[in-house]
Amino acid sequence: MSEFPSRAKCVVIGAGIVGNCLVGHLSKLGWTDMVLIDKGPLPNPGGSTGHASNFIFPTDHNKEMALLTLASQQQYIEHGMNNTSGGIEVARTPERMEEFNRRMTSAKAWGIDAKLLTPAEIKELVPFINEKILLGGFYTPSVSVVDSLQTGTLMRESALKAGHLQVFANTEVLDLETKNGQISAVVTNKGRIEAEYVVIACGVWSPRIAKMAGANIPLTPAVHQMADVGPIDVLQKTNAEVAFPIIRDMDTFCYERQSTGSMEVGSYAHRAIFMHPDDIPSNEASALSPTELPLTMDDFDPQMEQAIELMEMLGDAEIKYAINGLLSLTPDAMPVLGETVEVKNLWSAAAVWIKEGPGIAQLVAEWMTYGYPHLCDPHSSDISRFYPHEKTEHHIYARCDEHFNKTYGIVHPREQWASQRNMRRSPFYPREEALGATFFDARGWERPQWFASNAKLVDKFPAVCAPREHEWDARWWSPITNAEHMQMRESVGMVDLTAFNEFDFEGPGVVNFLQYVCVNNVDVPVGRSVYTPLLTPGGGFRGDLTIMRLGQEHFRVITGAFDGGRDKYWFKKYMPTDGSVTFTDMSQALCTIGVWGPNAEKTMAKATQTIDAEGKLIPFDVSQANFPYGSVRDVLIDGVPATMFRISYVGENGWEVYTRMEHGLRMWDTIAEAGKEFDIIPVGMGVYAVTGRIEKGYRLMGAELESEYTPVEAGLARPKVKSADFIGKAAYMKAREEKPAAIMCTLEILDHTSKSGIKRYPTGGNEPILTKTGERIVDAKGRVSRVTTAGMGPSLGKYLLLAYLTPEHAVEGNELRVMYMNELFPVKVARVGSQPLFDPTDARMKS
Amino acid sequence: MNILVCVKRVPAPGARINITEDGQAVDTAFLGFTVSPHEECAVEQAVQLVEKHGGEVTVLTLGPAEAEEQLRTAVSVGAAKAVLVPITESDWDPQRTAQAIASVITDLENANGKFDLVLFGNESADSCGYQVGIRVALKLGRPMVNGAKGLDIEGTIAKVRRESDAGQEIYMLPMPSAVGVKEGINLPRYPTMKGRLASKKVDVTRTESTGSVGGLKMIQLQRPPERVSNTQILGTGPEAASAVVDLLEELGVFK
């Protein structure tokens with residue numbers, strides 16, 4: 001064994017599936033001086049990898065997880081460690097059968113071969129199943145069992161053989177040292193290593209290790225119960241690791257997976273059982289391993305009854321091995337990847353399961369090498385997504401407790417959290433509550449989605465307010481949204497936008513700094529604004545936001561509730577360290593009301609004043625002539641200092657109006673009073689985020705805008721490129737020269753009628769856009785056409801879908817199909833590119 | 001035939017046993033509980049005998065309320081009845097334990113007739129006193145053999161086999177009698193799922209009992225100093241072969 005090194009370019013902590021694959025990928029990408037350590041022995045150091053059931057069901061509704069899982073399965077195949085067994089998710093309830101239609105749709109989107117089975121067909125594949133209690137199955141022939149320990153070993157050894165890596169088992173991390181906010185060394189029981197980069201790939205121990213450096217990796221170790229029962233004759237006779245398809249008994253949240261002569265029965269049905277990372281026993285003190293704790297039988301008993309009901313033979317099989325296995329759960333059930341926000345060059349690759357491990361290792365390796373991943377956009381897994389309250393143990397436990405039993409659950413794309421609500425409330429909350437708002441959670445913020453007070457408007461606009469016939473389509477939705485939309489377009493509405501993030505950057509270096517981070521020219525006159533993408537080094541979308549210039553050396557970035565954490569990290573990462581720019585997070589100081597509609601100007605004319613040269617309070621001139629689109633002005637609203645920004649995400653004349661939190665309620669009341677004569681209404685996010693936006697074809701970060709796509713493809717490239725350098729410029733220039741492989745389009749559904757005669761309305765969850773013959777549309781870069789946003793365009797009387805299409809299909813009038821719930825519906829390309837369908841010249845916003 | 005098996009709830013530790021700060025107990029915060037391997041074999045032997053000769057197995061433990069878990073485990077592999085002699089302390093000394101158990105056995109036998117066999121594990125897994133079985137047998141006035149590696153029934157005789165350096169010893173015990181079973185006598189079965197579910201439905205009989213405090217007292221637990229073993233790597237792959245041969249010769253394995 002080599003001597004313990006005192007210095008390395010990169011230290012990876014944790015030799016589970018992630019750490020092992022990570023050093024393999026980093027080695028391939030040119031990292032030549034790495035050290036991998038683990039406190040346990042090799043090849044199984046005792047973490048979650050060692051007891052995983054190791055199977056892969058590739059279909060996932062979430063694009064990021066689906067792509068990472070498929071990439072991982074491919075890597076297992078390449079290592080010869082992928083044993084294809086097929087897998088069947090079985091249904092005991094009609095709701096689950098509906099969900100299978102949705103899974104068929106997602107399988108189609110990601111190109112996964114799948115089919116629905118009758119109970120008799122399930123029985124043919126799995127003769128020992130009790131098909132009488134089943135309604136049907138969702139069969140995926142490519143489901144496989146993988147050898148995660150051996151794959152990890154091969155990846156690790158590839159880096160070793162290349163001479164890029166040293167490995168030290170039985171080496172425990174005692175401390176992480178930092179210097180000037182950057183990781184500097186790893187202290188272990190074998191010695192201290194100075195390191196430029198450190199990656200925490202420690203699974204359930206990750207929070208404990210991160211804490212040593214003052215960083216936070218928000219996850220909790222949690223129990224997943226599993227029992228191995230056997231021997232069972234019918235399984236033994238196969239003489240194979242896995243010969244029968246793996247069964248997921250979805251409605252009981254259990255699985256049955258053959259493991260040579262016995263069956264592994266696993267459960268996500270029991271109560272959530274958490275453990276603190278500090279309490280996990282050592283390898284030496286563990287009866288089996290640190291993450292294989294004794295099974296708490298009482299929690300497992302109900303699952304045994306259900307398992308026997310499904311497979312009678314399990315009842316007489318002996319329970320040979322049974323554990324409370326530890327795995328990692330995060331508050332939003334997604335991994336925690338990327339550079340920690342607290343410590344530079346300290347990376348997290350945590351909360352990763354076997355099925356996505358190798359793919360995530362590749363993604364993190366690319367991220368560390370290129371500045372952003374290439375495999376797919378990681379925004380749902382990005383560690384910087386979390387707001388402070390989301391990183392507390394209180395929040396982690398509450399949310400994990402809520403979602404643990406949804407592991408096999410049927411989760412609606414618009415589903416709302418029940419726990420940890422009312423964490424962040426705008427000053428307008430009391431008024432909104434009184435108006436009967438239905439609140440949706442936006443990373444802690446309570447945002448009104450629609451208002452019961454507007455229910456009466458449903459009768460005013462009956463043509464666009466028909467109820468949805470199918471409960472699934474109507475879930476977490478109200479026709480009131482369409483009524484609010486129409487009323488806003490007819491007169492005026494006010495929208496609570498307090499969940500926005502506002503970041504102030506000031507100082508002599510601010511223009512140069514923002515020029516470097518943003519695509520569009522930020523050096524505009526004071527009182528003007530910029531709408532700009534932020535790009536990855538590879539030229540894909542990293543952000544999409546607006547910036548106001550409030551002073552010669554003072555800019556304010558406005559970004560959304562779901563992007564705040566990631567954007568804050570990105571700006572701060574590139575901020576000069578010489579003190580020439582300061583950063584102030586104003587998000588907690590400011591509240592915002594959007595006021596839009598044909599009567600917005602009249603409303604705000606009544607509500608706003610200013611002080612003239614002689615110190616007299618006079619009405620403020622809100623006309624387009626004095627206050628054109630895209631400009632920013634300070635005003636007084638009933639004495640409250642406010643900043644108005646003439647802009648719109650809903651395609652109407654009006655403003656985002658900002659004031660300090662403590663003035664908020666007074667400002668709300670003043671605007672509401674001024675708008676009374678115009679029948680002003682409160683308008684929910686259903687309009688702001690969906691109906692108003694989609695009619696205008698406005699793109700949303702995280703939906704249409706992801707790192708896989710360029711501004712050219714999204715239709716957001718400006719005619720000219722500024723001379724200043726910026727992140728992603730070279731790639732952007734190249735993209736401008738090339739013919740785009742895909743173009744963002746707006747499509748309209750031509751007929752909503754399903755086979756059952758019921759009208760269906762896609763929710764906008766990656767439904768594939770298909771040719772008329774039902775073929776997938778995959779562009780030259782391998783990206784599939786799928787719905788990124790779906791919603792009603794009430795003013796157009798059409799149901800709209802946003803999707804990228806290949807140039808041959810991106811032709812206005814071209815008829816295609818959208819798959820929804822395993823049925824095809826005819827759609828037509830209504831718009832290619834970014835020109836809005838509603839008010840194409842933007843006349844309403846500028847008149 | 002009726003067989004009683006006595007078991008004791010003990011922690012199921014890993015390679016390293018952690019002791020609480022006050023030195024009064026094994027730190028069981030993250031440990032499961034079990035019975036000693038000898039006792040597992042005793043339960044298995046009883047179940048096998050009953051399967052062969054008819055009758056039923058009763059399992060008995062003296063311990064905290066949680067020891068019900070060990071009784072149910074025994075039921076899940078074939079015991080029919082379970083008796084808990086609850087105590088509030090974590091453990092009693094062997095004399096007191098034996099008195100209490102003997103007294104419960106007498107009560108049970110007065111009500112339901114004698115147990116043909118009372119089985120124990122050779123020794124408990126935690127305190128390793130080797131005492132309770134012998135003391136109970138003495139109190140009940142029954143013959144006892146410890147260290148049993150074989151146990152068969154021939155009419156009214158329990159035939160016990162045990163291993164010694166000189167060979168095998170065979171004991172013929174007239175029943176009722178007591179036997180201390182040693183690990184290796186059989187390969188205990190695991191509970192089945194059905195067995196487990198059935199065990200939940202069994203009523204555990206709770207019988208208070210006591211005895212006078214004996215002479216053995218625990219002062220404090222201490223961990224013996226850890227043995228440091230030096231690992232010398234002789235080489236890897238075929239190159240290591242000659243070094244391995246040298247060592248084996250040195251150890252006298254090759255002659």
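User: Which residue in the turn of the hairpin of S40(A) and S41(A) has a positive phi?

Analyst: Happy to start there: S40(A) and S41(A) form a hairpin with two residues between them, and Met821(A) in the turn has a positive phi of about 50°. Helices (H or I, at least four residues) and strands (E, at least two) are DSSP runs, numbered from the N terminus. This is a predicted model, in which local features need pLDDT of at least 70 and side-chain atom pairs count only at pLDDT 80 or more, while totals for chains, interfaces and linings use all residues. Residues are numbered from 1 along each chain as its sequence is written, and chains are lettered from A and ligands numbered from 1 in the order in which they are written.

User: How many bridges pair S40(A) with S41(A)?

Analyst: Two strands pair if DSSP finds at least two bridges between them. Strand S40 (residues 815-820) of chain A and S41(A) have six bridges and pair in the antiparallel sense; one example is Arg817(A), whose bridge partner in S41(A) is Pro826(A). S41 (residues 823-832) also pairs with strand S36 (residues 743-749) of chain A, antiparallel again, over five bridges. There, Glu748(A) has Lys828(A) of S41(A) as its bridge partner.

User: Which are the edge strands in the open sheet of nine strands in chain A?

Analyst: That sheet runs S6-S7-S5-S14-S15-S16-S13-S18-S17, with mixed pairing. Its edge strands are S6 (115-117) and S17, each of which pairs on one side only. From one strand to the next the twist averages 30°. At the S6(A) end, three bridges join S6(A) to strand S7 (residues 136-140) of chain A, and the two run antiparallel. Lys115(A) has Tyr139(A) as its bridge partner in S7(A).

User: Now helices. At what angle do H1(A) and H9(A) cross?

Analyst: Two packed helices are described by the angle between their axes and the distance between the axes. Axes are lines fitted to C-alpha atoms, for helices over the stretch in contact, and angles run from 0 to 180 degrees between N-to-C directions. For helix H1 (residues 17-28) and helix H9 (residues 357-370) of chain A, the axes come within 8 Å and cross at roughly 45°. That makes H1(A) oblique to H9(A); angles under 35 degrees count as roughly parallel, over 145 as roughly antiparallel, 65 to 115 as roughly perpendicular and the rest as oblique. The crossing is right-handed: clockwise is the right-handed case, and a crossing is left-handed if the near helix is turned anticlockwise from the far one by less than a right angle.

User: Which residues make that contact?

Analyst: Two residues are in contact if their C-beta atoms, placed from the backbone, lie within 7 Å. Among them are Ile17(A), Cys21(A) and Leu22(A) of H1(A), and Pro358(A), Ala361(A) and Met368(A) of H9(A). The residues of this contact divide into eleven nonpolar, three polar and no charged. Ala, Val, Leu, Ile, Met, Phe, Trp, Tyr, Cys and Pro count as nonpolar, Asp, Glu, Lys and Arg as charged, and the others, Gly among them, as polar.

User: Which residues of H4(B) are buried?

Analyst: A residue is buried if 20 or more other C-beta atoms lie within 10 Å of its own, exposed if 12 or fewer, and partly exposed in between, with C-beta atoms placed from the backbone. In H4(B) the buried residues are Val132(B), Gly133(B), Arg135(B), Val136(B), Ala137(B) and Leu140(B). Their cover includes H3, strand S6 (117-121), strand S7 (144-148) and strand S11 (177-181) of chain B. The axes of H3 (residues 94-112) and H4 (residues 132-140) of chain B come within 8 Å and cross at roughly 45°, in a right-handed crossing. After H4(B) comes Gly141(B), with a positive phi near 70°.

User: Last one: how many residues does each chain bring to the contact of chains A and B?

Analyst: Chain A brings 22 residues and chain B 18. On the chain A side, strand S17 (292-294), helix H8 (297-310) and strand S18 (318-329) each supply at least two residues, and H8(A) has the largest share, six residues. By class, the side of chain A that touches chain B has 13 nonpolar, two polar and seven charged residues.
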